[in-house]
Amino acid sequence: MPRENRKRGKKHKKKTEEVADVSQDPAPYIEEQEAVEAGPSWIVSARDSTTVDQNAPFGYVDSEIKAYFRTVDVQIREWQETKPEVAEDADVDPNEDRRLFFVAALNEMSEKEKQLATDPDCSTILERMIHSMDDFARRVFMDRLCGSFEQLSKHRFASHVCQTLLNVAADTVSREARNIFPPTPEGEAEDGELRTLTQLTLDACEELLPSLSSLILDPFASHVIRALLLLLAPDVLGSVDDGASHSSTFALRSKKSAAYKARQGPMKSVFAEADVQQQKAARTAPKEFRKIAKGFVSALREQLGENEVRALAANQVASPVLQMLLELEASFHMSDTPGSLMDHVLVGLITLLHEDPKATAPESDYLVTLLRDPTASHLLETLVLRSPQRIFDLLWQTYFTGKLARLAVHPVANFVVAKAFERLSSEQFQAAIEEVRSVGGKVVSEYQIILLLCVVFPLGLCNQTDTLLQLVASAFDLNEDEEKRLFVPCVLRLKPLAEYKRAIETSQKAAEEHTGEEPKYKRRKTEDPLEPKTQGAVLLQSVLRLPSPHVEVVTTSLQALEVNELIEMGHHVTSSRVLDAVLDSPTVPHKEKRKLVMTFIGHYPALVDDRIGSRVGERCWAFADPYLREKIARSVAPHEHALAGSAYGKFFARHLSLHVLRRDPEAWKRMQSESKSASTSAPPVAVKPIRPQASEARTINANEPNASAAASDSESSVAEASSAKVKKAQGKQKARSQDEIDALFDATLGKKVKKAELASSAKEQAGIATQSYHTVSERSHEKEKRGKSKKRKEREDGGDAVDRDLRDVLGAIRAAPKEDKGPKKRKRGH
């Protein structure tokens, strides 16, 4: 080897194993390389991939189409906030432009429904469009989704589209059950027969039934199953339009989904519909839906065993679906059979009673766990309410009797106990009261007030009402009559008597320490020990719904409070509901309500000068009779100017019409009598008793006074109803005062003044002063001949508006400062 090609270093011989490995490796690479290099170099072979993108199983949406649907979304949002303009011609459809725009969007959406449903941006737009679809468009949309309903229900975004479609389909299905079908558009009949939405729903159910056991465990598909069950059995599970009672129980949407949907704004139809409420009230479900709903219960029985069904109870996704299926099973009388879903969850309790009706069941660790589990306890509440009576009696005897002292103060189990109280017989109820009496104080200290609420609410046990009130009073250590005068302050703050007195002392010391120091707004906020609690306000309202002799414990305590304490209650968002309940409750005597209203006389300006207190003052005004109203008005009259400048008190002052009271008291009394008679002759609003549901009470936070606890969320509707009559009387009085002013001018100046018209140009305005005298002198004789009715007719035709404009101009001239000489000129420096 030439010297120039030699390398430095020692020579290392390769081992035989390394040589063998090197000789074997290039073989597959050469074959692959030959396969790649086959053919021209500019040809690239396609990838052989059979995998499907789970984010877009039906393909991605073109960017131009997405941009178009964004404009559609913006337009629909704008239309949802405004109503269509009503044309003067009755033959013109006010929704014509909107329909044309919507039809164009539907045509663009055709054959792309699945792609749009799985797109993260367009799925929300589809949900918004579904609310504006007519029956035929909904049928077409549902038909396009059928066949892929299972795959769509498992998709993150398409599942919400399916859920919204099932929610709005209830109206269409109800109309189809009454043989009301939309006309087929022109050109659509050639494409074949379109199935009804009822049949499409049944076909979707048949598609989902084979995989029901896996769908209820899917985080997205389980919500579709819930919406489908609501559509199939609205008479058992309720409907979407029933309010929050069923949605909070069955959780149609997760908290994250509900928050996201709330941010999207209101979703409703963009077309004007006249009989929406009537259509919703007349909803009916076809008979086929009842049969397919039973099929869901039977399918889950067949697909899952005992242990698998029990495992669903603690699953956050599957537990709400299992609750709905248990409701259906009980409603269809399928639960009281061995091997039912309820039997599986109750660990064979139904089978045991069928074999031996007098048997006693041993305590199961599984059901004890359900009592204390935050998720599974909801399911146990359903079992307690829907189980047959003999099953419930055995449950009560095995799992509740003798254990109420511990369960009543448990943060989760107390809700199940509260549900169980609703089904107790008189003997069981009396025994439970005696057992709970020993832990009443601990129930209050732990804020587990829901148990006391459900103890007070069974109004059917009126013969035990005294026992119930003694239980509530003993829970707060209010045993003596003198101590019961503090019933309202202690219950409102959920503090026993001794703790309430200590809280008062602590609050007074803290107030003395801060005296003379930094301003209140600069102090660091600390928790107020005397802050009213939501649960306490609800408990007081529930006591006020009891029969008449038993509400005295609250009314007597309110009368014992000082006026400043009552005003402080009226200013708080939570405690003010107690005062509302006193005025609204049909069981509180009229004399007690009148005493409460008269207590504030002389202090109404301080009460109504607050956001919450003004509403309480309006309620007192709406309740008062004309004699009491005059007392209130005369006590407020010296503070009229202060209330007029108040941000909240001015609204209360408007109801009083103090200017009419000063000028003509008799007319003011007639006006108040008419407004009061109009409010009393109106049909009374049914007062719904504040019966808390244990599942809803879980959301009440003891530290949040702004929660919707106080259950009487109605504003001053009675005052607003009567204010219309008051305003009408004020208008008449205003017209009468204008007539008196005209008569005064006529008597003083004679009928020689012509009501001049304001000219539009400056030149005419300059000549009005010289022309008006000649015009008046020429027409004075003619004007004297005109009657009083003619004068009023001219004023109605526009003279009144001219006089007001003229008076405004003259008033502005008089109000101008006389010594205002304008800005001083700056001296020019030299």
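The axes of helix H37 (residues 590–599) and helix H40 (residues 626–636) come within 11 Å of each other and cross at roughly 15°. H37 is therefore roughly parallel to H40, a class that takes in angles under 35 degrees, with those over 145 counted as roughly antiparallel, 65 to 115 as roughly perpendicular and the rest as oblique. Axes here are lines fitted to C-alpha atoms, for helices over the stretch in contact, and angles run from 0 to 180 degrees between N-to-C directions. The crossing of H37 over H40 is left-handed, a term used if the near helix is turned anticlockwise from the far one by less than a right angle, right-handed being the clockwise case. Arg594, Val597 and Met598 of H37 meet Tyr627, Leu628, Lys631 and Ile632 of H40, contact being defined as heavy atoms within 4.5 Å.

The model is predicted, and local features need pLDDT of at least 70, side-chain atom pairs count only at pLDDT 80 or more, and totals for chains, interfaces and linings use all residues. Residues are numbered from 1 along each chain as its sequence is written, and side-chain values use heavy atoms, with hydrogens and water left out.

The protein has 48 helices and zero strands; these elements are DSSP runs numbered from the N terminus, helices being H or I of at least four residues and strands E of at least two. Of the 830 residues in the protein, 42% are buried, where buried means under 20% relative accessible area, exposed over 50% and partly exposed in between (1.4 Å probe, protein chains only). Among contacts with a separation of 6 or more, 76% are accounted for by residues 24 or more positions apart. The protein exposes about 47700 Å², and carbon and sulfur atoms supply 51% of this area; accessible areas come from the Shrake-Rupley method with a 1.4 Å probe, and for residues only the protein chains shown count as cover.

On the H36 side the contact is made by Ser576, Arg577, Leu579, Asp580, Leu583 and Asp584, and on the H39 side by Arg615, Val616, Arg619, Cys620 and Phe623. H39 is largely enclosed by the rest of the structure, because 11 of its 11 residues are buried. Among the buried residues of H39 are Gly613, Gly617, Glu618 and Trp621.

Leaving out residues up to four places away in sequence, Gly570 touches Ser576, Leu579, Leu607, Ile612, Gly613 and Val616. Gly570 and Gly613 are 43 residues apart in sequence, with their C-alpha atoms 5.1 Å apart in space. Gly570 counts as buried, at 0% relative accessibility.

The axes of helix H3 (residues 63–81) and helix H6 (residues 122–130) come within 10 Å and cross at roughly 40°. The two helices are therefore oblique to each other, and H3 passes H6 in a left-handed crossing. Their contact involves Lys66, Phe69, Arg70, Val72, Asp73, Ile76, Arg77 and Gln80 of H3, together with Cys122, Ile125, Arg128 and Met129 of H6. The C-alpha of Arg128 is also 8.3 Å from that of Ser269, although 141 residues separate the two in sequence. Ser269 is placed in the loop between helix H15 (255–263) and helix H16 (276–281). Apart from neighbours within four places in sequence, Ser269 is in contact with His131 and Ser132.

Helix H10 (residues 197–208) has 12 residues and spans 16 Å from its first C-alpha to its last, close to the expected 16 Å, the expected span being 1.5 Å times one less than the number of residues. H10 is mostly covered, with nine of its 12 residues buried, including Leu197, Leu200, Ala204, Glu207 and Leu208. The cover over these buried residues includes helices H7 (135–145), H8 (149–153), H9 (158–177), H11 (212–215), H12 (221–232) and H17 (287–303).

Two loop residues other than glycine have positive phi values. Glu111, in the loop between helix H4 (96–109) and helix H5 (113–117), has a phi of about 70° and is exposed, with a relative accessible area of 61%. Leu494, in the loop between helix H31 (487–493) and helix H32 (497–513), has a phi near 55° and is buried, at 3% relative accessibility.
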